[in-house]
Amino acid sequence: MRFEEPGRKLLQSSIIDILELQANIPSNFLDVGCGAGSLSQFFIKMGMVGSGVEISSQAYEQCQQMLVDEIRLGTFKLHDKLDDCVEKFDLVICINVLEHILDDRLFLDLILRNLVPGGLLIIGVPGREDRWY
């Protein structure tokens, strides 16, 4: 899902607020359902390295295009399956994905295996039920 500019700025501001409450700023991240890569790009600009997972082929291609330099430099890895991502991360973020998942407990178990002990998990879901599918 692409965020319109006001929504993106609010999301980024909220994430900065959350990160400022942490004792240590994460050095790496996993963006589950990274879409076209705008949130991943935001974290990279903050100095983190990371990975993204995107199962939509269209969004995957958009992310490859948006983060082509970061992928080439090795500051970002893009996966089309969560199983392909085996690293551990200080931050795992999952925005507007959980509402699409049938077995949310299994899904959370899967993404939590990528979180270091004491790491930060940020999940966001739409507040309006008409946005759930």
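**Notes on the predicted model**

1. Let's start with helix 2. Its buried residues are Leu 39, Ser 40, Phe 42, Phe 43 and Ile 44. Keep in mind while reading on that this is a predicted model.

2. Where do those side chains go? The largest nonpolar core has 19 residues, and the ones with the most contacts inside it are Ile 15, Phe 29, Leu 39, Phe 43, Phe 76, Leu 91 and Ile 93. At least two residues of this core come from each of helix 1 (5-20), helix 2 (38-45), strand 3 (76-79), strand 4 and strand 5 (115-124). Helix 2 is the top contributor here, giving four residues. As background, nonpolar side chains in soluble globular proteins tend to be buried together.

3. Setting aside residues up to four places away in sequence, Phe 43 touches Ile 15, Phe 29, Met 48, Leu 91 and Ile 93. There is also a second, separate core, made of 13 residues, with Val 32, Val 97, Leu 98 and Ile 111 among them.

4. Next, the end of helix 2. Gly 47 sits in the loop between helix 2 and strand 2 (49-53). Just after the helix, Gly 47 adopts a positive phi of about 100°. Is this glycine buried or exposed? Gly 47 counts as exposed, because its relative accessibility is 60% and the cut-off for exposed is over 50%. Pro 26 is 21 residues away from Gly 47 along the chain, with 9.4 Å between the two C-alpha atoms.

5. Ile 93 is another one to look at. This residue lies in strand 4 and is buried, with a relative accessible area of 0%. Which residues does Ile 93 contact, leaving aside its neighbours within four places in sequence? They are Ile 15, Leu 30, Asp 31, Val 32, Leu 39, Phe 43 and Ile 122. Ile 93 and Cys 34 are 59 residues apart in sequence, yet their C-alpha atoms are 8.9 Å apart in space.

6. Now the strand pairing. Strand 4 (89-95) runs parallel to strand 5, and six bridges join the two. To get from strand 4 to strand 5 the chain goes through helix 5, in a β-α-β crossover that is right-handed. For a specific pair to find on screen, take Leu 91, whose bridge partner in strand 5 is Leu 120.

7. Asn 96 is in the loop between strand 4 and helix 5, and its phi is near 60°, a positive value in a residue other than glycine. Asn 96 is buried as well, at a relative accessible area of 15%. Glu 99 belongs to the loop between strand 4 and helix 5 (104-112) too. Is Glu 99 buried or exposed? It counts as buried because its relative accessible area is 14%, and the cut-off for buried is under 20%. The side chain of Glu 99 makes a polar contact of 3.5 Å with the side chain of His 100.

8. On to the cysteines. Cys 34 is buried at 7% relative accessibility, and Cys 94 is buried at 0%.

9. Glu 54 is placed in the loop between strand 2 and helix 3 (57-66), and at 9% relative accessibility it counts as buried.

Definitions and conventions:
Residues numbered from 1 in each chain as written. Predicted model: local features only at pLDDT ≥ 70, side-chain atom pairs only at ≥ 80, totals over all residues. Heavy atoms only, no water. Buried < 20%, exposed > 50% of the residue type's maximum accessible area, 1.4 Å probe, protein only. Polar contact = N/O pair within 3.5 Å; in protein donor to acceptor, adjacent residues only side chain to side chain. Core = buried A, V, L, I, M, F, W, Y, C linked by side-chain atoms within 4.5 Å. Contact = heavy atoms within 4.5 Å. Pairing = 2+ DSSP bridges. Right-handed = clockwise from strand over helix to strand, strands pointing away.
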